[in-house]
Amino acid sequence: ALMFTAVTLYWTAGAVRNPRLSRFLLAGVGVGFATAAKYIGALAALPLTVWALWSGLRDRRRWGWLVLAGLASVVTFFVLNPFLGTVFHFGDRLVGVYAGQARRYESDRLQVVRGELDFLATQHGWILGAFLLLGIGLLARRIWRNADGEALLPLSLCVGYPVLYAVAMTL
């Protein structure tokens with residue numbers, strides 16, 4: 001999933017540099033690949049979605065292209081998952097198991113965020129975490145000063161991924 005997410009980001013950067021329908025569709029196919037590899041790969045759609053919504057204020061065609069890219073990702077996902085019926089069959093049980101664990105451990109969204117920060121600290125160290133926060137701050141500054149669309153790509157992934165993960169893990 002990580003490789004497909006990286007490829008999707010590369011294709012998304014191409015769509016940002018030279019916005020065309022074909023590039024949006026290619027990024028959508030990449031999201032479908034990432035999601036087919038692992039469901040969390042669906043979050044590879046964040047950078048393209050955020051950028052298209054932001055830049056669509058100037059060119060409304062990009063919102064339509066974003067919808068078509070979403071359709072391309074869904075079609076790709078379904079084509080690459082021949083056992084999808086099994087997933088839907090056992091999906092309710094899986095959600096029930098996760099909900100039971102959340103109740104047992106009295107989990108909430110803040111606990112998931114604390115777990116993410118703890119993972120970052122124990123697996124990568126606080127130095128890397130400090131540089132990550134510095135990078136996020138510099139990207140936000142770049143967007144604030146230059147209205148640079150390309151800086152939205154990594155920023156939306158760095159900030160949006162953990163937030164959406166925390167929300168999804170405590171539904």
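Biologist: What makes the meeting of the side chains of Arg62 and Asp59 a salt bridge?
Modeller: In this predicted model, the N to O distance between the side chains of Arg62 and Asp59 is 3.8 Å. A salt bridge requires a side-chain nitrogen of Lys or Arg within 4 Å of a carboxyl oxygen of Asp or Glu, so the pair qualifies.

Biologist: Which residue forms a salt bridge with Asp59, with the closest N and O atoms 2.8 Å apart?
Modeller: That residue is Arg61. The separation of 2.8 Å lies within the 4 Å cut-off, and therefore the contact between Arg61 and Asp59 is called a salt bridge. By this rule the count comes to two salt bridges, and Asp59, Arg61 and Arg62 are linked by them in a network.

Biologist: With which side chain does the side chain of Ser55 make a polar contact?
Modeller: The partner is the side chain of Arg62, at 3.2 Å. A polar contact needs N or O atoms within 3.5 Å, so this distance meets the cut-off. Ser55 itself is placed in helix α3.

Biologist: How do you know whether Ser55 is buried or exposed?
Modeller: Its relative accessible area is 0%. The limit for a buried residue is under 20%, and therefore Ser55 is buried.

Biologist: Which residues form a nonpolar patch on the surface?
Modeller: The patch consists of Leu21, Leu25, Val67, Leu68 and Leu71, with about 390 Å² of accessible area together. Helices α2 (21-37) and α4 (61-79) each give two or more residues to the patch, and the largest share, three residues, comes from α4.

Biologist: Which residues have the most contacts inside the largest nonpolar core?
Modeller: They are Phe24, Leu48, Trp51, Ala52, Ile143, Leu153 and Leu155, in a core of 18 residues. Two or more residues of this core come from each of α1 (2-17), α2, α3 (46-55), α4, α6 (109-146) and α7 (152-168). In soluble globular proteins, nonpolar side chains tend to be buried together.

Biologist: What does Leu48 touch, not counting residues up to four places away in sequence?
Modeller: Leu48 touches Thr12, Ala15, Phe24, Ala27, Leu66 and Ala69.

Biologist: What does the secondary structure of the protein chain come to?
Modeller: The chain has seven helices and zero strands. Of its 171 residues, 32% count as buried.

Biologist: How much of the contacts in the protein chain with a separation of 6 or more do residues 24 or more positions apart account for?
Modeller: Such residues account for 64% of those contacts. The C-alpha atoms fill a box of roughly 50 × 45 × 25 Å along the principal axes.

Notes
Residues numbered from 1 in each chain as written. Predicted model: local features only at pLDDT ≥ 70, side-chain atom pairs only at ≥ 80, totals over all residues. Heavy atoms only, no water. Patch = residues over 30% accessible without salt bridge, like charges linked within 9 Å, V, L, I, M, F, W, Y side chains within 5 Å. Areas by Shrake-Rupley, 256 points an atom, 1.4 Å probe, with all protein chains shown as cover. Helix = DSSP H or I, 4+ residues; strand = E, 2+ residues; numbered from the N terminus. Core = buried A, V, L, I, M, F, W, Y, C linked by side-chain atoms within 4.5 Å. Buried < 20%, exposed > 50% of the residue type's maximum accessible area, 1.4 Å probe, protein only. Contact = heavy atoms within 4.5 Å. Polar contact = N/O pair within 3.5 Å; in protein donor to acceptor, adjacent residues only side chain to side chain.
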